[in-house]
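This briefing goes through one protein chain step by step, from its overall plan to single residues. Please keep the sequence and the structure in view while reading.

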Amino acid sequence: MVIGLLFMLHKRFVHTYQEEHDRMSILPMVSAAAILASFVHADLNRNIFFDVIWFTSLNLETVALVPQLWMMSQIGGKVHSISAQFVACNIASKVMTVTFWMWAFTELVDRNGSNLAEIGRAHV
C-alpha cells in the first residue's frame, strides 16, 4: 500500500503538488518536538529511549497539520473540499481527544488518590 501511495504521489499525481506554496520547513518542529520530549516524558516502561520516542511522536502528531495549514494560508484559503474536510476532521479529533482525557483523568484516580494506571503498571 505504501509503495502504491508513493508511486501515485511521485508519478501519477505529481502535477497536483503546489511547490511554490510549500515553503515551511519542518526541521524546527521536529527538533522542538524531540527536545521537549527529552525533558518532558512519561516513565511508562522504565526505558527512557522508548518513552522519549513515544512522546516525540505525540508532539509531532500535535503539529502535523501546521505545514498543511501554512500552505492553505499561502494559497489564500482556496483549497479542495477534501483537504478542508481532512483538516477539519483532524482538528475535531484532537478536540475530542483532549475533552475525553480532561473528563476521564478523574476516573483513573482511586479513593486513596492513587493513579490506577500507575498501580496497574507496577504489577506488570
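Read along the sequence, the chain shows the pattern α-α-α-α-α-α, and its secondary structure amounts to six helices and zero strands. The model is a predicted one, and every value below was computed from it. The points that follow are grouped by topic, beginning with the chain as a whole.

**The chain as a whole**

- Of the 124 residues in the chain, 12% count as buried, where buried stands for a relative accessible area under 20%.
- When contacts in the chain between residues at least 6 apart in sequence are considered, 37% of them join residues at least 24 apart.

**Helix 4 and its buried side**

- Which residues of helix 4 are buried? In this helix, which covers residues 66-75, the buried residues are Pro67, Met71 and Met72.
- These residues lie on the same side of helix 4, because the arc they cover around the axis is only 140 degrees.
- The partners against which the buried residues of helix 4 pack are helix 2 (27-39), helix 3 (48-63) and helix 5 (81-104).
- After helix 4 comes glycine 76, and the phi angle of this glycine is positive, near 100 degrees.

- Once neighbours within four places in sequence are left aside, glutamine 68 is in contact with Ser83 and Val87.
- From glutamine 68 to aspartate 22 the separation is 46 residues in sequence, while in space their C-alpha atoms are 8.5 Å apart.
- Glutamate 19 is placed in the loop between helix 1 and helix 2, and with a relative accessibility of 48% this residue counts as partly exposed.
- Along the chain, glutamate 19 and methionine 71 are 52 residues apart, and their C-alpha atoms are separated by 9.6 Å.

**The second largest pocket**

- The second largest pocket holds about 560 Å³ of space.
- This pocket is lined by 18 residues, and those closest to its centre are Thr16, Tyr17, Gln18, Gln68 and Met71.
- Helix 1 (2-12) and helix 4 are the elements that give two or more residues to the lining of this pocket.
- Which element gives the most to the lining of the second largest pocket? Helix 4 does, with five residues.
- Sorted by class, the lining of the second largest pocket is made up of 10 nonpolar, six polar and two charged residues.

- Apart from neighbours within four places in sequence, aspartate 51 is in contact with His41, Ala42, Asp43, Leu44, Asn45 and Arg46.

**Aromatic pairs**

- How many aromatic pairs does the structure hold? The structure holds two.
- One is formed by phenylalanine 49 and phenylalanine 50, an edge-to-face pair with 5.1 Å from centre to centre and 75 degrees between the planes.
- Tryptophan 54 and phenylalanine 55 also have ring centres 5.1 Å apart and planes at 75 degrees, so this pair is edge-to-face, given that angles over 60 degrees count as such.
- Phenylalanine 49 counts as exposed because its relative accessibility is 51%, a value over the 50% limit, whereas phenylalanine 50, at 47%, counts as partly exposed.
- Tryptophan 54 is partly exposed as well, because its relative accessible area is 40%.

Terms used
Residues numbered from 1 in each chain as written. Predicted model: local features only at pLDDT ≥ 70, side-chain atom pairs only at ≥ 80, totals over all residues. Heavy atoms only, no water. Buried < 20%, exposed > 50% of the residue type's maximum accessible area, 1.4 Å probe, protein only. Helix = DSSP H or I, 4+ residues; strand = E, 2+ residues; numbered from the N terminus. Arc of directions from axis to C-beta. Contact = heavy atoms within 4.5 Å. 1 Å grid on protein atoms, 1.4 Å probe; cavity = no way out; pocket = protein on both sides within 12 Å on 5 of 7 lines; lining within 4 Å. Points joined across faces, edges and corners; volume = space filled by probe spheres on them. Nonpolar A, V, L, I, M, F, W, Y, C, P; charged D, E, K, R; others polar. Phe/Tyr/Trp six-rings, centres within 6.5 Å; stacked < 30°, edge-to-face > 60°.
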